[in-house]
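Me: I'd like to go through this structure with you, a bit at a time. Could you keep the answers plain and give me the cut-offs as we go?

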Amino acid sequence: MSTASPSEELVMSLATMCVNPFELSFDQLESSLVATADAGYTGISVWPFTLGMAGVDSSWLADRLGELQLTHPVAEAAFGWLNADRDAAAAEIASLSEYANAMGSRELVAVTMEPSLPDIDEAAACFRTLCLSAADAGLQVSIEFLPWTGIADLATAWELVQRADCDNSGIMVDTWHWFRQPGGPNPDLLRQIPSEKLRVVQLCDAAAECPDDMDIATETMTDRLLPGEGAVDFAEVVGILADVGAEPIWFPEVFSTSLATAGPQTMAPQVLAASRSVLG
């Protein structure tokens, strides 16, 4: 497999190739890794909590990635950094950082599933603690906004990054969340964010409207579209990132039950071709 500069990285999300991303057998893991390498991706991201389901550990995965010449630049995800139990939050950060270092990752992702945030200063202080702990492990942290949570949009994510004021903090832009965020896409704000803070972009597409028969959280995990097949203005998003000089890790993440049902050897090249098409 050919090597690529950071701006050319295409990193597959292994979870998207599983019909149920919260279950992972060894056969699913192995076939997904092989399909990713065969398709021509430079890397993959595997949720660490699923490894035990597959009967392997991080050492096995690191060795297998080496054999397949795949990197693992992004480790997902820190969920508990807002936890009032600071010992539990610290334990999660330590565990994810250990996994990231074992995989050779350079980026952690931080999200929250809580429907609202505590006081913004308190949330920023918690995010700063996460970033400082990650920095001690030589890692960067990108915060991801999810439209149905307390970090629902780019503006909130950017405010937390600014308030935390850490050199290793940044933002992950998922193009599905970008399109579905309250108020819709915010290109003016995206242009104002320094390029070094825009380090990871997840590529996927969305229908113009959420289907009537599902809520937004169900849609995001089962009914995303291939990049270029929906309503996301990729020319605008990719153009802005190019204009500001961002060189993110491009990270396709197409949660689609219909695509996953076809199997990883079919899905992986489909997602790669669609991703390359919107990146020009």
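Me: Which residues touch the most other members in the largest nonpolar core?

Reply: Of the 81 residues in that core, Ile44, Trp81, Phe127, Ile143 and Ile171 touch the most other members. A nonpolar core here is a set of buried Ala, Val, Leu, Ile, Met, Phe, Trp, Tyr and Cys residues joined through side-chain atoms within 4.5 Å, and buried means under 20% relative accessible area, with exposed over 50% and partly exposed in between (1.4 Å probe, protein chains only). Please keep in mind that this is a predicted model, in which local features need pLDDT of at least 70 and side-chain atom pairs count only at pLDDT 80 or more, while totals for chains, interfaces and linings use all residues. Residues are numbered from 1 along each chain as its sequence is written, and side-chain values use heavy atoms, with hydrogens and water left out.

Me: OK, and which helix gives the most to this core?

Reply: Helix α5 (residues 120–136) does, with seven residues. Helices (H or I, at least four residues) and strands (E, at least two) are DSSP runs, numbered from the N terminus. Apart from this core lies another one, of 10 residues, among them Val74, Met172, Val200 and Phe251.

Me: What does Ile44 touch?

Reply: Not counting residues up to four places away in sequence, Ile44 touches a set that includes Val11, Met12, Leu14, Leu33, Leu65, Leu70 and Pro73, and also Ser32, Thr36 and His72. Contact means heavy atoms within 4.5 Å.

Me: Is Ser105 buried or exposed?

Reply: Ser105 counts as buried because its relative accessible area is 7%. Ser105 sits in the loop between α4 (86–103) and β4 (107–110), and, leaving aside neighbours within four places in sequence, it is in contact with His72, Pro73, Val74, Ala75, Ala100 and Leu139.

Me: How far is the side chain of Ser105 from the backbone oxygen of His72?

Reply: A polar atom of the Ser105 side chain lies 2.5 Å from that oxygen.

Me: Switching to charges, how many salt bridges are there?

Reply: The structure holds 10 salt bridges, each being a side-chain nitrogen of Lys or Arg within 4 Å of a carboxyl oxygen of Asp or Glu. One of them pairs Glu107 with Arg199, with the closest N and O atoms 2.8 Å apart. Glu107 lies in strand β4 and Arg199 in strand β7 (residues 198–203), so the pair ties together parts that are 92 residues apart in sequence. Both Glu107 and Arg199 are buried.

Me: And where do Arg224 and Glu253 sit?

Reply: Arg224 is in the loop between α9 (216–222) and α10 (234–244), and Glu253 is in the loop between β8 (249–252) and α11 (257–261), 29 residues apart, so to speak a link between distant parts of the chain. Their side chains meet in a salt bridge of 3.3 Å, N to O, and both residues are buried.

Me: What about α6, which of its residues are buried?

Reply: The buried residues of α6 are Leu154, Thr156, Ala157, Trp158, Leu160, Val161 and Ala164. Their cover includes α5, β5 (140–144), β6 (169–174), α7 (175–180) and α8 (187–192). Glu159 and Arg163 also lie in α6 (residues 154–164), four residues apart, about one turn of the helix, and they form a salt bridge with the closest N and O atoms 2.9 Å apart. Glu159 counts as partly exposed because its relative accessible area is 30%, and Arg163 is likewise partly exposed, at 39%.

How values were computed:
A polar contact is a pair of N or O atoms within 3.5 Å; within protein, one must be able to donate a hydrogen and the other to accept it, and residues adjacent in sequence count only if both atoms are side-chain atoms.
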